[in-house]
Amino acid sequence: MRSAAKINLHLGVGAPRDDGFHPLDTVYQAVSLYDDLTASRADDWSVTTRTAVHLGDVALPGPGDNIVDRVAELLCATRCDEGCRPTARVEIDKTIPVAGGMAGGSADAAAALVALDRLWDLRTPDDALLDLAAQLGSDVPFALVGGTAHGLGRGEVVTAVEDHGSWAWVVVPDTGGLSTPAVYRHWDTLFPDAPATPAPAQPVLTALASGDPMALAAALRNDLEAAAVDLRPDLGELIARGEAEGALRGMVSGSGPTCVFLCESPEAARDVATALSATRDVVLTAHGPVAGAHLLG
């Protein structure tokens, strides 16, 4: 099972609700950086993870703490007979940046939902899978859907967006890490009078319909970027460098610290990636939109 990373083309954030969550108005795009997950029959339950060299020495969840463990427990609790316990051997090959604002964990959760549902022959309807995905995390429903989608609520209410463009990206991971809750808390500190309603995504939706990279570059928005850059000023310097090297627009991906750069074409993306590689150990290229969680082969 293969699942893709995401970029938020628009991330409008509202003041926290009574439940502590921030309302979002966002546009997701799945891009061609992937995690692959394999689930096979076994007498017990295990999850092992292999990471690509470019991810470096990253901290991974301990036994029982992976989001895939939560997927298995949720499926057993809601879709299996009472008293059942998960049994499977799950192997994950990660290439999506870890804790990088590209929803790698959510991608793994979406892949596990589909893979385990099929392995255990549960035949869960699509709408029920989406409901389960929303219980696992705000980005998990989109990781199931893929493509380009408009997200509301906490981001978990997703609607597919017509997107006939092919968008070229440069992705620069960062091993420094930024805690998503910490970035949101810092955003609250920076913007204590933020409106309850997040900025609407219409400018990005209009730009996507045009198919024009320049229009999309002008419309990109990430309200969390100010907080991420205030915590990590070097990210702002990286964005400025990428734009100086020819990217149409650079921004922090989600809550960071990965930075992404929209380019005019795949050739332009390769040129920007080459230039940034002079000072960065890992620079990747990607395109979007791509499919959500799906079987390989």
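Tutor: Among the 48 residues that line the largest pocket, Ala103, Ser106, Asp139, Thr180 and Ser255 lie nearest its centre. A pocket here is an open set of points on a 1 Å grid over the protein atoms alone, where a 1.4 Å probe fits, with protein on both sides within 12 Å along at least five of seven lines; lining residues have an atom within 4 Å of a point. This is a predicted model, in which local features need pLDDT of at least 70 and side-chain atom pairs pLDDT 80 or more, while totals for chains, interfaces and linings use all residues. Residues are numbered from 1 along each chain as its sequence is written, and side-chain values use heavy atoms, without hydrogens and water.

The volume of the largest pocket is about 1200 Å³, taken as the space filled by probe spheres set on points joined across faces, edges and corners. Domain 1 (2-160) and domain 2 (167-288) both contribute lining residues, so the largest pocket lies between them; the bounds come from an automatic or database domain assignment.

Elements that each supply at least two lining residues include strand S1 (2-13), strand S2 (24-40), helix H1 (67-79) and helix H5 (180-190). Helix H2 gives the largest share, four residues. Helices (H or I, at least four residues) and strands (E, at least two) are DSSP runs numbered from the N terminus.

By class, the lining has 21 nonpolar, 18 polar and nine charged residues. Ala, Val, Leu, Ile, Met, Phe, Trp, Tyr, Cys and Pro count as nonpolar, Asp, Glu, Lys and Arg as charged, and the others, Gly among them, as polar.
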